[in-house]
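Please look over the sequence and the structure shown here before reading on.

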Amino acid sequence: MSVTLDHVTRTVDGTAHIRDVSLTLERGTLSVLLGPTLSGKTSIMRLLAGLDKPSSGRVLVDGKDVTGIDVRQRSVAMVYQQFINYPSLTVYENIASPLRVQRRPKEEIERRVQEAARLLKLEPYLNRTPLQLSGGQQQRTAIARALVKGADLVLLDEPLANLDYKLREELRTELPRIFEASGAIFVYATTEPSEALLLGGNTLCMWEGEVLQHGVTPKVYRHPDTLRVAQVFSDPPLNIVGIEKKNGSVQYAGGINAPATGLYADLADGAYRVGFRAHQLEVANGAAGRHAFSATVTVTEITGSESFVHLHRDSQNWVAVLHGVHEYEPGVTLHAALDPDNVFVFDAADRLVASPKSIAFSSEVPSGSREENASNKKNA
Amino acid sequence: MSTIPGRRIIMVTFLFFLLLPIYWLVNMSFKTNNEIVTSMHLWPYQPTLANYRTIFTDESWYSGYINSLKYVIINTVISISVALPFFNLYSAINLFDTPWAVALAHCIFNVPLAVWILEGFVSSVPREIDETAFLDGYSFPRFFVKILIPLIASGIGVAAFFCFMFSWVELLLARTLTSVAAKPISATMTRTVSAAGVDWGLLAAAGVLTIIPGALVIWFVRNYIARGFALGRV
């Protein structure tokens, strides 16, 4: 089975929520919708589910036009960011609800509910009502209901966003494993780049109602087509600096001159923008071959195992991430360094012209086999 | 009933205390201010009509009474003109003097009230619950009975409470639309007043019995009401 959006646009009260999106999702794949709030992730899901109708364009299932067909006729399950269950039913009845509506035999319902409950560790709570559960258990109930239905299309709309850190970690590793077996089409919306990387599969990078890039997650991460994709797929925010290449050297905005080594060597003369993620910015007295800057510390955030150092340099704010605890007082001047082999270079139209060379990726939109993603994740 | 000892004494004492302020009001109205502040008499020593003369001659005083009278009359006229068409209508279709007559007439007031209360509860149910139910395959009637009604149970309790209370104490329509067969208890209670006086015991007993259904309703919906008052639009 496959689901296709064919030039779908959705406009509400004159505001475009989705602009001319075309995509195809195949059976047995996990697709991550990655984008900031209001980028259209939920809108895409509602269109895929059939909860909303496109203003123009078609929704196809296995090549058949299903635009405007009632959601009850489609094989779709959805988990929302809010914990949505039926408050008046027990957890058991909540999970059994789609099967009861399908009028499945009693034994089958019992078997499938117990199976889903075991998978999501809900067995001790089957006789409680959702409001007697913790947030994580409530969301697991909602996920179990989506799972037990055996739908062809499962939509997870930021399902872990309202959970605490530990539960999120736990469910995030469980979810791909849980859904892998069912062979359905999974769509998972998130605002967090790290979540997309952990889930693997394919990533659809979204911005203001458009799908900017669709590809295997590590490929989108390492080879963002545009500066915008790199920005969406970076947390902390992508650091940016302008450069001008001329006569075999690069001039960084704010007046640092360096030889055009590394990725800069092959660039044609002209103006570019260089993007680099927090971990690509080194805070050190530059090793050989690095391009060195001096920048002022504005604030240091320490998470426990990592330190995020916010720097200010020539009207630009940068963030560097360091392992371990580093406490820099605000106002201190630090040496920051860039490896010219480890940056993203974008041309005047913000298109990627050079990216760190690591693994070569095929350029076609892949089906995203799990083994390949697993190996990529390690290198990511 | 008259054999209960002290019954008359308690009733007379009660009435005495009830009427005392009224007597005192009337008494004072015939006194001069000087007499009111200087002495205390059970009746005026120097009766005067000056107070009443002031009210009937000073425009700022009597216009107040006229205003009050105006809106009371308008209100009464409107209330009765609402009630009378019901009387005509029900007479024409032989509904007059049946429980249906009053029940239907009360709907005119209770239905909007119930809609208003329930709307608040229904709109507090997240849209996602509807959608999840439809994605699960629920038909609308099944969703309504299995999911929605349990969710807004406290709202239904509150709405039922208000409808009951309105209907139970409403007298105007109930009296207009019934004569003998379907006469409500509040109308029947006026029978205790006769030429021979008021049958207090009977009136009190009827009053007690009138309280019971209301108390029962509150008892049954009290949990819903506590939640309902806190949640919805009451």
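Asp13(A) is found in the loop between strand 1 (2-12) and strand 2 (15-26) of chain A, where helices (H or I, at least four residues) and strands (E, at least two) are DSSP runs numbered from the N terminus. Its phi is near 50°, a positive value in a residue other than glycine. Most residues other than glycine have a negative phi, and most peptide bonds are trans. Asp13(A) is also exposed, because 5 other C-beta atoms lie within 10 Å; a residue counts as buried if 20 or more other C-beta atoms lie within 10 Å of its own, as exposed if 12 or fewer do, and as partly exposed in between, with C-beta atoms placed from the backbone.

## How to read the model

This is a predicted model, in which local features need pLDDT of at least 70 and side-chain atom pairs count only at pLDDT 80 or more, while totals for chains, interfaces and linings use all residues. Residues are numbered from 1 along each chain as its sequence is written, and chains are lettered from A and ligands numbered from 1 in the order in which they are written.

## Chain A as a whole

Chain A has 9 helices and 21 strands, and its C-alpha atoms fill a box of roughly 75 × 45 × 40 Å, taken along the principal axes. Of the 380 residues in chain A, 41% are buried. Two residues are in contact if their C-beta atoms, placed from the backbone, lie within 7 Å; among contacts in chain A between residues at least 6 apart in sequence, 67% join residues at least 24 apart.

## An open sheet

In chain A, 6 strands form an open sheet in the order 13-12-11-14-20-21, with antiparallel pairing; two strands pair if DSSP finds at least two bridges between them. Strand 13 (256-259) and strand 21 (352-354) of chain A stand at the edges with a single partner strand each, so one side of each is left without a neighbour in the sheet. From one strand to the next the twist averages 35°, an angle taken on a scale from 0 to 180 degrees between the N-to-C directions of lines fitted to C-alpha atoms.

Within this sheet, strand 11 (residues 239-246) and strand 14 (residues 270-276) of chain A run antiparallel and are joined by 7 bridges, one of which pairs Ile240(A) with Gly275(A). Ile243(A), which also lies in strand 11 of chain A, is buried because 22 other C-beta atoms lie within 10 Å. Beyond its neighbours within four places in sequence, the contacts of Ile243(A) include Val250(A), Tyr252(A), Tyr272(A) and Val274(A).

## Loops and a hairpin

In the loop between helix 8 (227-232) and strand 11 of chain A stands Pro236(A), which is joined to Asp235(A) by a cis peptide bond with omega about 5°. Asp350(A), in the loop between strand 20 (344-346) and strand 21 of chain A, has a positive phi of about 65° although it is not a glycine. With 16 other C-beta atoms within 10 Å, Asp350(A) is partly exposed.

Strand 17 (residues 306-313) and strand 18 (residues 316-323) of chain A pair in the antiparallel sense over 8 bridges, and the bridge partner of Val309(A) in strand 18 is Ala320(A). Their hairpin has 2 residues between the strands, and in it Asp314(A) takes a positive phi near 50°.

Strand 6 runs parallel to strand 7 (residues 153-157) of chain A and is joined to it by 4 bridges, and Val79(A) has Leu156(A) in strand 7 as its bridge partner.

Between the chains, 18 residues of chain A are in contact with 13 residues of chain B. Strand 6 (76-79) and helix 2 (91-101) of chain A each supply at least two residues of the side that touches chain B.
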